[in-house]
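Below are my notes on the model you sent. They are set out as numbered points.

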Amino acid sequence: MAAQGPARPVDDLVRRLASITAVTGLEQQMVDTLLAMLPGAKRDRAGNVVLTIGSGPRRRLVVCPADEPGYVVGRIRDDGWLTLRRSPGRISRLRDAQLEGQRVSIVTPRGVVPGVVAVRSVHLTRGREPRTGGFTVDSALVDVGATSKADVEALGIRILSPVTLAKGLHRYGDRLIAGSMMGRRAACAALVEAARRTDAARATLSRQQAVVIAFVVEHELGRRGLATLAHTAGPFDQTLLVGGGGSGADATSNWPELGSVAIQGLVGRYAGTPVETISLPAVQGLADTLAAWIGGTR
Amino acid sequence: MRTILPLLVAMPLAAAAAQDPARMRETETVLESLVESYGVSGMEAPVREAVRRLLPAWAKSQVDTAGNLWVTVGKGEPTVVFVAHLDEVGFEVTAIGEDGLLTVESRGGIFPRLWAGRPALVHRRGRPPVAGVFLPYDSAAASTGPTDSLPMRVDLGAAGRRHAEALGVSLGSTVTSPKEYVRLAGTRATGRSFDDRVGSAAQVMALRRMDPAKLDHTVIFLWSVREEIGLEGAAAAARALGLRVTRVHAIDTFVSADSPLEPQNFAVAPLGAGPVARALDNSSVTPPALLDSLVALAAARSLPLQVGTTNGGNDGSAFEQFGVPDVPIGWPLRYAHSPVEVADLRDVAHLAELVQAVAEGW
């Protein structure tokens, strides 16, 4: 591989968060990981991870979505094949098409089970009618190596087990990193890095201020985690959304408790694909920016 | 002319040897080592070296001018050839844009769409590969027609053509995606280039168990190059051997329809039911008498063997111009030429035993 620059703490955070499967509504592993990363953080009634700094009346909120669009096991066939259904929220056909002929991860209470999404062999299509229509989730048959429903269940797979493309991270170019949902995961990593500098933030925050740092669940499902946060922890004077997922204007009109809403994110390449790419120095830059925002110096 | 049934299971019971934990571990170790080597057609050197490292110490190997690897065992007639191919499907660089993006075209039969929007590796002779990504199809382009006909490009993160060239990338450089051998449930495994690393592994494992002093005839094991782009390596070996060869066995994939996605009118060789006599494909028809002999040999050794017909060509057919009968033997593979080929390790172990049995006893 081409030479890469020196690793920084935020690089490891990006790697760790981008490796976790957190399908909308089934974000448990991500939530547990974030709680372990952020001493003092708590889980709220929606399942959001919330860390509060300061106790002043002027409250600000910074949030990053913890979830991702994905799939769950919809059915286990008697012959051991799995079929899928989309998790709630908007999932494009383009995302469905990315499943064909790829390795997937099925999350079970015992760990991740690898599987593959079946694809026709190129040899056996010769001289035959071409496939009609695009590949959708309804075409997806997952092969975990099992030959019966009992085999599948013995692996710990159940209906509702979360399924995503296998989480591979890929470094290339000048400190670029690619992977599924990389923009969001990297933004959340930057926010974790910023939140870890709370001692510095406490020193600069005035007594009049408080900052709530949150990683919200079910963002792809009507931004439910954010809504709960607005209702339970608001009102806020100002909210900063990082990691994508909707516009600030929508958030303000839906939940006035959020105050004025701004969007901050990472500009990358190939968004919404398995090679969504961001620059690691840009993540470090975002972490610095967020730390300054949390400390009230920006 | 004899009718070949679409599929017969000559010996449905798995032989005990293939279930032996030590045997399964060896199978997995050899296969993993070969699967995780890269070798698009024409750039097979890393795979060839991996095979060499796995050979028994007594086996003296040679490389011919085409790049094929040879191990000759025993003396005298008849001369029997086994041939598995070293290469794998992939891409090659056909243009480097001023923007630093590479245009690539496929080497071998693949669905390019399965690589779009995936990590890429551009291979360099004698140096580690350069990482990049295959550009995703944009949704507008993807909705206007078959995506497999769209041009494929690779982004190395290079600032321009000169930067890409400075990384050691040139026209003809081969391109793949990173690959990994992954064990699935039971005795199944997945990865890319099982076609034909399984055949290559089976020949290695057969050789490890053979006693060359006990052979009463000549057996040549070949690991060929450039099979996926027209059986080129096998053709060179066939020309070199000419009329000396009595029989050839291509040890190559049986592309199986053992999947709900495939039409079920032929090629339905279930995974785990044993190797498959590839009785008819697009390049050869096994002489019925020899097919019967193979089935009888497998039965006598209590080795499972399926008989089937599939699509694709095989290296053994390159020998047929010299009147050499081709008796190809495969193993069932799902999703051939995709990033997620799936095989059953029991079939791999049985294939190795069958190769050994044929080499020693037929």
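1. In helix α7 of chain B (residues 232–241), the buried residues are B:E232, B:G233, B:A234, B:A237 and B:A238. Buried is used for a residue with 20 or more other C-beta atoms within 10 Å of its own, the C-beta atoms being placed from the backbone. β4 (79–85) and β13 (218–224) of chain B are included in what covers these residues; contact here means C-beta atoms, placed from the backbone, within 7 Å. After α7(B) comes B:G242, with a positive phi near 55 degrees. Helices (H or I, at least four residues) and strands (E, at least two) are DSSP runs, numbered from the N terminus.

2. This is a predicted model: local features need pLDDT of at least 70, side-chain atom pairs count only at pLDDT 80 or more, and totals for chains, interfaces and linings use all residues. Residues are numbered from 1 along each chain as its sequence is written, and chains are lettered from A and ligands numbered from 1 in the order in which they are written.

3. Chain B as a whole has nine helices and 20 strands. Its radius of gyration, taken over C-alpha atoms, is 21 Å, which agrees with the value near 21 Å for a compact globule of 362 residues; the globule rule is 2.2 Å times the number of residues to the power 0.38. Along the principal axes, the C-alpha atoms of chain B fill a box of roughly 65 × 45 × 40 Å. Of the 362 residues in chain B, 56% are buried. Among contacts in chain B between residues at least 6 apart in sequence, those joining residues at least 24 apart make up 76%.

4. In chain A, helix α5 (residues 182–195) packs on helix α9 (residues 280–294) at about 45 degrees, with the axes 8 Å apart. Axes are lines fitted to C-alpha atoms, for helices over the stretch in contact, and angles run from 0 to 180 degrees between N-to-C directions. The angle makes α5(A) oblique to α9(A), as angles under 35 degrees count as roughly parallel, over 145 as roughly antiparallel, 65 to 115 as roughly perpendicular and the rest as oblique.

5. Residues of α5(A) in this contact include A:A186, A:A190 and A:E193, and those of α9(A) include A:V283, A:L290 and A:I294. By class, the contact has 12 nonpolar, no polar and one charged residues. Ala, Val, Leu, Ile, Met, Phe, Trp, Tyr, Cys and Pro count as nonpolar, Asp, Glu, Lys and Arg as charged, and the others, Gly among them, as polar.

Key
Two residues are in contact if their C-beta atoms, placed from the backbone, lie within 7 Å. A residue is buried if 20 or more other C-beta atoms lie within 10 Å of its own, exposed if 12 or fewer, and partly exposed in between; C-beta atoms are placed from the backbone.
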